[in-house]
Amino acid sequence: MARSGLTRREVIKYGLIGAGTLMACDPRLLLASPKTPTFKPAQAKSVIQIWMWGGPSHLDTFDPKPQAGNDYCGPLDQALKTNVDGMQVNAALPLLAQQADKYSIIRSMTHGVNAHETASYLMQTGHMPSRIVHPSVGAVVSLFKGYKHGYNGIVPPYIVLTRPQGRFSEAGFLGQSYKPFCTSGDPNAKRFVVEGIVARGISDERQLRRRDLLHSLDSLGQAIGGNSQFTKLDQTEKAAYGLMFGEAKQLFDLGEESDEMRNRYGRNSFGQSCLMARRLVEVGVPYITINYQGWDTHKQHFPTMNRRLPQMDQGLATLLKDLTERNLLDSTIIWWGGEFGRSPKVQWNSPWNGGRSHHGRCFSVMLAGGGFQGGHVIGASDATGTGVVDRPVYPLDLIGSIYELMGIDPDGPLPNSQGLDLKLLPTGEKGVKSGGRLKEILRT
Amino acid sequence: MRIKPNEDPRKVFANWLITKRNPWFTRVVVNRVWAWLMGRGVIHEPDDIRADNPPSHPRLLAYLQKELVGADYNLRHIYRLILNSRTYQQSSIPQSTKPRAESLFAHYIVRQLDAEVLVDALTTVFGPRERYQSVIPEPFTFIPEEHRTIALADGSITSQFLEMFGRPSRDTGLASERNNEPTDAQRLHMLNSTHIQNKIERSWRLRQLLKDAKGNKKNVIRKLYLIILSRQPTPDEIAVAQAYYKSAKMNSRQGAVDLAWALINSKEFLYRH
């Protein structure tokens, strides 16, 4: 554990103290009735989830193994010291190395699943697939922190930049009210065409005029007055036009940021998505996913990394710095990670010719802000990054810790209109593995 | 019950289901058919069948059950009975303001089109088809384009549109899994999404219609009403549409696009009525 800011001994100590204080001082937790949310108050107000679609290599990012040789490292065989003693990242991330005091790295994430669908589901719900399709963390946050709990923002409480994930139903059985609002468009384009809010080639004037046309041709609505279904539809229409012509339009207009600020984040889709995420956090949106595609690099792995890692490095490092400068990092969780890591051993043979395959046995996740302390490394992988040797962290441990910081009781029930008796997470259920929540880095 | 080695267990199950000693199956299924067609079950909610949730019209339910058994469990017979009934063919404009009118089927119950039906209707109106793919297992399988959305056999084959408009993921088999309540996101999608904009602007049917009309705007208006709402426009509606062309100084194509947009966003199009 030489690389970690926290020794194994300390980890165990803090872990025990964490559990001990909980039991001694917080009997509410044990007695909490499922209907009264008596959970401790939220430290975090928002989550920015950077979803590394396809599974990023842990060796090439936050768990470098320079000693493992060319079979494992390929050309990315240098580790870099960070601004935290003993904490290193891959040399491909020089800007993030300067921000390491703000984030912690989990190097012992594990679930053992190597299929995209199951692993994505597991990493974003904490559950193994079963008969019920569980909601993702974003949908759960919008259930507990959304419109029914005082959220009154100008845009929906769960936003995805920019494309929906596919392979994965975000809201699960909770249904479409908890689906994220997916912006589409490209925040790096001259005009960020946000789906539903900005229409290509239709002026505001024409929008308003055709709204009048729609209303004057509403023959059925006029024939059936007072129908409750129609009243509801009229309300949704009001909300929709509110988004099209209200402050939302301004919010998504990245032209309001200075060129200097936009350049700091990097003039590419990911960089500008990070900037957009910061704007959404500023107006109180509780859950933002940046769906960062293109990490499923079976072939052309290293050329792809050379192209993408600098963009990721710049966007993410600037986001950490910018949120800190605006005093927002303490209330904003940043969660970086994909459904799994990539095989530490490079597949040099044909047809891969230098690719990395799926690897669910051991991979890394980066966490920052919102009550997660920076500058720590949790767990460790073996000499080649193939297996976990210390402090396994399972998806439900990670998700449970995020819920805790958001003030959502991870052991509580999942309210639903179907009358099903469900828990948020399967912690403690038969056959479900857990390494415990991330007490090591939870700020108390 | 034994299932022989080469026997399809589904057949065994189906035969077990439709024995005359099993009144529960007929009760559930005729009630569901009624609920699909009428917007409300004789037993309401259709999933909630128990002794202390009685049907609103017990004799109607018993009659339909008997008819189903008599027709050797042919569901088409039940559809035919209901669709030909005066109850089904009533207007959706309420004749009574009494609060129980709807639950007693005194008028047709207006309700939002199901997600699959709505997207199929848009496809019928404008032409270009939706593309669906089965993502499990890899490599992805594409569904032939001539397949209509209502015929998708697999609940996991879906789209953003279908999920947004409440197509259920079929996790539970409960009728209540489908949620047809309108949401803000749906409205925004219909009013101002690229998906809908593309459907209208890239519609070969609309293009053809404009070509055939040779600049006769009234003709365009009539045809759009026929295609989208299956009826002729009233003189008032024609006047409104004509005035729109003039006031907005629009060319005939833009005007037709906006009229089509207004009609697919009308309650008359979005709701069963």
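**Reading domains, an interface and a sheet**

The domain assignment of chain B gives domain 1 (9-101), domain 2 (111-196) and domain 3 (203-272), with bounds taken from an automatic or database domain assignment. This is a predicted model, in which local features need pLDDT of at least 70 and side-chain atom pairs count only at pLDDT 80 or more, while totals for chains, interfaces and linings use all residues. Residues are numbered from 1 along each chain as its sequence is written, and chains are lettered from A and ligands numbered from 1 in the order in which they are written.

Student: What separates the centres of domain 1 and domain 3 of chain B?

Tutor: Taken over C-alpha atoms, the separation is 40 Å.

Student: How many residues of chain B are in contact with chain A?

Tutor: Two residues are in contact if their C-beta atoms, placed from the backbone, lie within 7 Å. Here 42 residues of chain B contact 43 residues of chain A. H7(B) supplies the largest share of the chain B side, eight residues; helices (H or I, at least four residues) and strands (E, at least two) are DSSP runs, numbered from the N terminus.

Student: Which strands stand at the edges of the sheet in chain A, and why is one side of each left without a neighbour?

Tutor: Two strands pair if DSSP finds at least two bridges between them. In chain A, eight strands form an open sheet of mixed pairing, ordered S6-S5-S7-S1-S8-S11-S4-S12. Strands S6 (181-182) and S12 (377-378) of chain A are at the edges; each has a single partner strand, so one side of each lacks a neighbour in the sheet.

Student: How many bridges join S5 to S7 in chain A?

Tutor: Four bridges join S5 (residues 158-161) to S7 (residues 287-292) of chain A, and the two run parallel. Leu161(A) stands opposite Ile290(A) in S7(A).
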